[in-house]
Amino acid sequence: MYAILDIETTGGQFNEEGITEIAIYKFDGHEVVDQFISLVNPEIPIQPFVVKLTGINNAMLQSAPKFYEVAKRIIEITSDCVIVAHNASFDYRILRTEFRRLGYDFEAKTLCTVELAKKLIPEQPSYSLGKLVRALGIPMADRHRASGDAMATTKLFKMLLEKDVEKTIVKDFIKLEVEKGISPKFLDLINQMPAKTGVYYIYNEAGTLIYIGKSQNIKKRVNQHFTGITTKSKRIQAEVFTITYDETGSELIALLKESQEVKINRPRYNRSQKKSVFPFALYAEKDANGYINLKLEKADGRKKEITSYASLQEGKNALFKITAKYFLCQKLTGLYQSKKECFQYKIKECDGACIGEVAPETYNLRVQQFISENSFENKSMILIDRGRNVNERSAILIENGAYKGYAYYDLNYQITNIEILKNILIPMQHNRDVKNIIQNYIRKSKSLKILHF
């Protein structure tokens, strides 16, 4: 659990500042589960430049509670939490100073979103909170007020968690849980999971990531691990200490995240996923008569493929639909077995050899149309899919035929500027597997919206 906070102060000499406003959002990595926001009477005057910056003046604070009156609530909401703040050293120092005045030694682990952003979103022109969130398309209200800045920090931190594909932030948090000796039981772990689409991460007691999975219903899938009788399920049951998850909303993003993060983190029980899940591919070759033949074969990295399939039967089923849609000859797609209906320029009974009735140039145009519509080589486009809630959408960027990554955006924030999209993008690796995942999803999805640019 994280306590994301922002503090406004009176200004003044080092370690003599007083708190004028504090906002804390308790964040479980997915949503805010508790919050505390309050003005605070610092019992000393506010510096004039601070009044101008924040809008908080001495008169506003006369009836506000003094720090000792809110101290207990602050301890309660931050208990067992990692303190997160933008420039955390400042906020943490101010908080410790106020508690020290009360004779209490306040201590907590801290994370700084400035340092995290420099690592995970490099080369930004500015890492000040206002300029950074504006560049990332994060909506912000009440700038220089504790509640507005803390909420913007919360949204920024959520984005940084997404960008942390090596799960460094979460692994460090789990190590803290291990130190406390917290070991949830299976039922507790299942109850913590959402019945939603996303990726889940299973860790052992050493904080080592041992399995990554994806599902359209995370709770149901995790329950299957705990009730399974396979060797892998039993090993996971014996080792599991805790489980975290990333809700994605989009099944496509869940597939892409799982593929990349398995390759990066190499969990021991994901060995089977190191092999390609698309072992069959479709190739185009011109024959001696000038006709382009479509051939379904085992994937060969030395050859340029159009698309690929998880099984031979899936590929054959797809080819039957392709021949029907584009009026292609079954003989030239390898489907023709005997005298039967064959798809051509005109559909009729044939022996599979009547393709000569259509000139190669005419026939090949239909093949090229299929290739163009089913390959995104050299194409640039944005795939718009479901978000994690009704007010959000996801965007997947493909530029010059290469998958660049994904992002989430609010419906009131339109993705029309590619440079802004690149700022909020969670960068991902382009490889054969992700290309095939995207192509396969485009073929099957009815809700995906494609914007070409």
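User: What is the bridge partner of Asp 6 in strand 2, and what makes strand 1 and strand 2 a pair?

Analyst: In strand 2, Asp 6 has Ala 23 as its bridge partner. The model is a predicted one, in which local features need pLDDT of at least 70 and side-chain atom pairs count only at pLDDT 80 or more, whereas totals for chains, interfaces and linings use all residues. Residues are numbered from 1 along each chain as its sequence is written, and side-chain values use heavy atoms, with hydrogens and water left out. Strands are DSSP runs of E with at least two residues, helices are runs of H or I with at least four, and both are numbered from the N terminus. Two strands pair if DSSP finds at least two bridges between them; strand 1 (residues 2-9) and strand 2 (residues 19-27) have eight, in the antiparallel sense, and therefore count as a pair.

User: How do you know which strands are the edge strands?

Analyst: The five strands form an open sheet of mixed pairing, in the order 3-2-1-4-5. Strand 3 (32-39) and strand 5 (110-112) each pair on one side only, and these are the edge strands. Strand 3 is joined to strand 2 by seven bridges, and the two run antiparallel; one of the bridge pairs is Phe 27 with Val 32.

User: Why is Gln 237 called buried?

Analyst: Buried means under 20% relative accessible area, exposed means over 50%, and partly exposed lies in between (1.4 Å probe, protein chains only). Gln 237 has a relative accessibility of 19%, so this residue counts as buried. Gln 237 belongs to helix 10 (residues 231-239). Leaving aside neighbours within four places in sequence, Gln 237 is in contact (heavy atoms within 4.5 Å) with Phe 186, His 225, Phe 226, Thr 227 and Gly 228.

User: Which backbone oxygen lies 2.9 Å from a polar atom of the side chain of Gln 237?

Analyst: That oxygen is the one of Gly 228.

User: How do you know where the model should not be read in detail?

Analyst: The predictor's confidence in each residue is pLDDT, on a scale from 0 to 100. The protein averages 83, and 90% of the residues score at least 70, but over residues 343-353 the pLDDT stays under 50. The model has 34 contacts beyond four places in sequence for that stretch. Where pLDDT is low, the predicted coordinates should not be read in detail.

Conventions
Polar contact = N/O pair within 3.5 Å; in protein donor to acceptor, adjacent residues only side chain to side chain.
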